[in-house]
Amino acid sequence: MEFKDRLKQLRKAKKLSQNELATAIGVHVTNISRYERGENKPATDVLAKLANQLNTTTDYLMNGSTEEAAISNLTDKELLSLFKQVSNLSNERQKVIKELIEAFVFKADIQNKLT
């Protein structure tokens with residue numbers, strides 16, 4: 001998948017029109033159209049605005065790294081920030097946090113099945 005495809009896919013996932021995205025980042029709608037057709041690539045500052053607006057990273061938009069693909073689907077910026085902070089902890093502490101999350105999700109699943 002190329003930049004143009006990732007951009008279009010993320011924009012559509014956010015249910016934004018080209019015009020809405022253009023307005024949100026301060027460019028003309030024809031720029032978004034050209035990016036999505038692969039005719040142009042955005043300048044660095046516009047790329048950063050696109051990534052921010054689409055809750056992804058510039059690396060994912062430009063390179064499509066699979067590691068960043070998972071992050072791009074996480075729309076809660078506070079949660080994303082916490083996950084990034086956790087990734088800097090020791091392996092032992094990361095394991096504890098994973099177990100806590102798994103226990104919480106398991107409990108929520110059980111409660112949902114009982115109601």
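Lys 15 counts as exposed, at 73% relative accessibility (exposed is over 50% relative accessible area, buried under 20%, partly exposed in between, with a 1.4 Å probe and protein chains only). The exercises below start from this residue. The model is predicted: local features need pLDDT of at least 70, side-chain atom pairs count only at pLDDT 80 or more, and totals for chains, interfaces and linings use all residues. Residues are numbered from 1 along each chain as its sequence is written, and side-chain values use heavy atoms, with hydrogens and water left out.

**Exercise 1. Locate Lys 15 and describe its phi.**

Step 1. Lys 15 sits in the loop between α1 and α2. Helices here are DSSP runs (H or I, at least four residues; strands are E, at least two), numbered from the N terminus.

Step 2. Its phi is positive, about 55°, although Lys 15 is not a glycine.

**Exercise 2. Examine the loop between α4 and α5 through Asn 55 and Thr 57.**

Step 1. Asn 55 lies in this loop and follows α4. Its phi is near 55°, a positive value in a residue other than glycine.

Step 2. Asn 55 is buried, with a relative accessible area of 14%.

Step 3. Thr 57 belongs to the loop between α4 and α5 and is buried, with a relative accessible area of 16%.

Step 4. A polar atom of the Thr 57 side chain lies 3.0 Å from the backbone nitrogen of Tyr 60.

**Exercise 3. Which residues of helix α4 are buried, and how are they placed around the axis?**

Step 1. In α4 (residues 44–53), the buried residues are Val 46, Leu 47, Leu 50 and Ala 51.

Step 2. These residues are on the same side of α4 because they cover an arc of only 140° around the axis (the arc is that of the directions from the helix axis to the C-beta atoms).

Step 3. An α-helix has 3.6 residues a turn, so residues three or four places apart point the same way.

Step 4. The buried residues of α4 pack against α1 (3–13), α2 (18–25), α3 and α5 (58–63). Contact means heavy atoms within 4.5 Å.

**Exercise 4. Describe how α2 packs on α4.**

Step 1. Two packed helices are described by the angle between their axes and the distance between the axes.

Step 2. For α2 and α4 the angle is about 115° and the axes are 10 Å apart. Axes are lines fitted to C-alpha atoms, for helices over the stretch in contact, and angles run from 0 to 180 degrees between N-to-C directions.

Step 3. From α2, the contact uses Leu 21, Ala 24 and Ile 25; from α4, Val 46, Lys 49, Leu 50 and Gln 53.

Step 4. By class, this contact of α2 with α4 has five nonpolar, one polar and one charged residues. Ala, Val, Leu, Ile, Met, Phe, Trp, Tyr, Cys and Pro count as nonpolar, Asp, Glu, Lys and Arg as charged, and the others, Gly among them, as polar.

**Exercise 5. Is Ser 33 buried or exposed, and what does its side chain contact?**

Step 1. Ser 33 is placed in helix α3 (residues 29–37).

Step 2. Ser 33 counts as buried, at 16% relative accessibility.

Step 3. Its side chain makes a polar contact with the side chain of Arg 37, at 2.3 Å. A polar contact is a pair of N or O atoms within 3.5 Å; within protein, one must be able to donate a hydrogen and the other to accept it, and residues adjacent in sequence count only if both atoms are side-chain atoms.
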